[in-house]
Each structure stands twice: as structure tokens, then as C-alpha cells.
Amino acid sequence: MIALALAAALLASPPTLLRADPFSSAMATRSRPMTFTAPPNGPLIFRGAIAIHPPELRFGGISGLTMEGPRSVLAITDSGDWIRFELDLVGGRLVGVGAVRIAPILGAKGEPAPRGARDAEDLTRDPETGQVWVSFEGYHRIWEFAEPGGPASRTIRHPAWAQLNENNGIESLARAPDGGLWAIGEAASDGRFTAWVNQGPDWEMKTLPQRGPFAPTGAAFGPNGYLYVTERAFSFTAGFRFRLRRFKWGAEPEPRLEEELISLGAETAIDNIEGVTLWRENGRTFLLIASDDNFMPFERNVLALFEVTR
């Protein structure tokens with residue numbers, strides 16, 4: 001009777017018990033340490049950085065990050081893949097990554113996005129439900145997922161996105177504490193970058209002031225309510241430059257607080273920073289940034305860790 005009951009239970013729930021894991025087997029990586037300097041007396045303390053040597057050709061092009069656990073990272077790539085990996089911290093410093101696993105980002109029918117529509121730029125996650133949202137450039141949209149590796153369950157678009165340049169779309173995506181999705185455009189207009197805030201069927205517009213040649217590349221809300229935004233500037237003479245700012249808003253479209261936390265030039269080898277995420281661990285707040293190597297041999301996959309002290 002027990003055997004018959006067990007067999008009936010297995011037959012009654014095959015989707016849960018038999019669904020294959022879409023992620024590849026764990027792969028090892030190699031990395032070398034790097035050093036950056038945070039401004040003295042500021043809210044950031046440098047906690048280590050590495051340049052990662054990819055375990056396979058699909059590892060690269062990291063353009064967005066979010067946390068699935070205190071040291072478990074979920075990332076997306078320019079080529080339309082999910083990447084999962086674990087951070088290796090020793091003595092509170094980042095020294096490497098492990099357990100790298102990769103899976104394709106799937107559309108609503110369970111198929112990989114077609115070429116020309118795979119350029120994933122940022123992602124954000126609901127820590128309570130595990131839902132994930134991914135923004136795409138080129139064919140500008142946001143896809144919602146019940147879980148990483150599964151098919152997209154919903155597409156979100158704003159009418160204004162149809163007018164955006166192919167390479168200047170929704171570069172940054174963040175989920176606010178109230179559940180609103182903040183989609184930030186890469187192109188400035190009248191000295192401001194636009195943030196389209198989606199709350200259910202409603203949209204609200206916020207702005208970020210443009211300062212110099214930098215443009216937003218990634219965004220994430222921290223435990224303190226700030227929106228942290230990575231920004232990039234590039235020229236063939238100066239190379240890549242990186243800046244991190246944080247903001248707070250009230251009821252108005254413009255932020256009521258703006259603070260520059262760090263600015264690094266090409267001489268630091270910071271590379272093409274595009275991703276940012278934050279998490280709390282043992283009463284401390286950590287901030288992780290990542291670079292997009294564009295799958296180019298002369299660029300690098302860089303991860304840098306900072307502690308946010310206030």
C-alpha cells in the first residue's frame with residue numbers, strides 16, 4: 001500500500017519533481033586581485049576586487065546583478081544568459097568566485113530570445129517571492145520571471161520607449177522598497193536622465209541630473225532607501241571612467257538628495273562598470289559592482305566589493 005501511495009504521489013505532481021534544472025553544472029574560475037581606493041572619510045570602505053578569468057566563452061558581458069542570498073549572485077549578460085555564482089570572502093575581503101552556473105534567458109514560449117533582442121542590461125529581484133525582472137536594450141522592454149531559468153511570464157513597456165535610440169535604452173533597472181520598478185534611460189535630455197517608475201498599471205516620471213559626460217549603467221536600492229546608480233564615461237583618449245552616485249526622492253520628479261560616492265578613471269583599470277547590487281550581512285551593508293567585458297579579450301570581468309558605513 002505504501003508503494004502504491006508513493007507511486008500515485010509521483011504521478012500526481014511531475015512538474016515539481018521532474019522539472020530539469022536549466023542551469024549548467026558548476027564551473028571553476030580563476031581570478032587575480034585588484035585594488036581600488038574609496039575617498040577617505042566617505043561612506044564606502046574598499047573590501048577587495050578581482051578580475052575573473054572566465055570558465056567558458058559564455059561567461060562574460062555581465063551587465064546587471066542582484067542577490068539571491070548574502071553571497072549568492074544572480075547576473076545577466078549582453079548575450080541573453082543568466083549567470084549564478086558564489087562570492088568567496090576571506091577575512092571580509094573578496095578573493096574569488098565559485099560555483100559558476102549558466103542558463104539562457106527564455107521568452108514566454110520557453111525559447112531563447114531571438115538575435116537582436118537578447119541584449120539584457122539590468123535586473124532586479126523581489127526577495128520575498130523570488131520574482132525577477134530583466135530590462136533589455138535594442139528591443140526595449142522589461143520581462144518578468146517567476147524564477148530565473150524559467151520562461152518570461154509578462155512583458156512591460158512604456159509607450160515612450162518606442163522612440164528611444166537602439167543603443168540608448170533602458171540601461172538600469174531597480175525595484176524600490178514599495179515594489180515600484182524604476183527603469184532608467186541611458187540618454188539625457190535637457191540635462192536630465194529619465195526614470196520611468198512602474199507601479200502596477202500606473203507610471204510615474206522621475207529624473208536624475210546629468211553631471212558631466214557620465215551616463216547611468218546600473219541601479220539598485222539599498223537597505224537605507226537610497227538608489228545607488230553606477231555611471232560610465234568613455235572616450236578613446238581617456239578610456240573608461242566610472243562614477244557611483246546615490247539619490248533619494250520625495251514627491252517631486254527631481255531628487256531631494258544627491259551624493260557622489262566614488263569616481264575612478266582609466267588609470268585604475270576599473271573597466272566598463274555596468275552592474276551594482278547591495279545586501280545586508282551580520283548587521284553590515286555591502287555593495288558589489290561588476291564590469292561588462294563585452295566579450296572582448298582586451299577588457300575584463302571585474303568585481304569590486306565595498307562596505308557602506310552610512
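Predicted model: local features only at pLDDT ≥ 70, side-chain atom pairs only at ≥ 80, totals over all residues.

Biologist: What box do the C-alpha atoms fill?

Modeller: Along the principal axes, the box is roughly 70 × 45 × 40 Å.

Biologist: And what percentage of the residues is buried?

Modeller: Buried residues account for 51% of the 310 residues. The chain exposes about 14,200 Å², and carbon and sulfur atoms supply 54% of that area.

Biologist: Which share of the contacts joins residues at least 24 apart?

Modeller: Of the contacts between residues at least 6 apart in sequence, 50% join residues at least 24 apart.

Biologist: Let us change topic to charges. How many positive and negative ones are there?

Modeller: There are 31 positive and 37 negative charges, and their mean positions lie 4 Å apart. The count of salt bridges comes to 18.

Biologist: Which residue forms a salt bridge with Asp21?

Modeller: Arg101 does, with the closest N and O atoms 2.3 Å apart. Arg101 belongs to strand E6 (residues 93-104), while Asp21 sits in the loop between helix H2 (14-18) and strand E1 (30-34), so this pair ties together parts that are 80 residues apart in sequence.

Biologist: What is the relative accessibility of Arg101, and what is the relative accessible area of Asp21?

Modeller: Arg101 has 22% and counts as partly exposed. Asp21 is also partly exposed, at 46%.

Biologist: What about Glu231 and Arg245: are they buried or exposed?

Modeller: Both Glu231 and Arg245 are buried. Their side chains meet in a salt bridge of 2.7 Å, N to O. Glu231 lies in strand E16 (residues 227-235) and Arg245 in strand E17 (residues 239-249), so the pair ties together parts 14 residues apart in sequence.

Biologist: Which residues are linked with them in a network of salt bridges?

Modeller: The network links Glu231 and Arg245 with Arg211, Arg243 and Glu258.

Biologist: One last pair, please. Where do Arg284 and Glu307 lie?

Modeller: These two form a salt bridge, with the closest N and O atoms 2.8 Å apart. Arg284 is in strand E20 (residues 284-291) and Glu307 in strand E21 (residues 301-308), so the pair ties together parts 23 residues apart in sequence. Arg284 is partly exposed at 34% relative accessibility, whereas Glu307 is buried at 9%.

Terms used
Residues numbered from 1 in each chain as written. Heavy atoms only, no water. Buried < 20%, exposed > 50% of the residue type's maximum accessible area, 1.4 Å probe, protein only. Contact = heavy atoms within 4.5 Å. Areas by Shrake-Rupley, 256 points an atom, 1.4 Å probe, with all protein chains shown as cover. Lys, Arg positive; Asp, Glu negative; His and termini not counted. Charge placed at Lys NZ, Arg CZ, Asp CG, Glu CD. Salt bridge = Lys/Arg side-chain N within 4 Å of Asp/Glu carboxyl O. Helix = DSSP H or I, 4+ residues; strand = E, 2+ residues; numbered from the N terminus.
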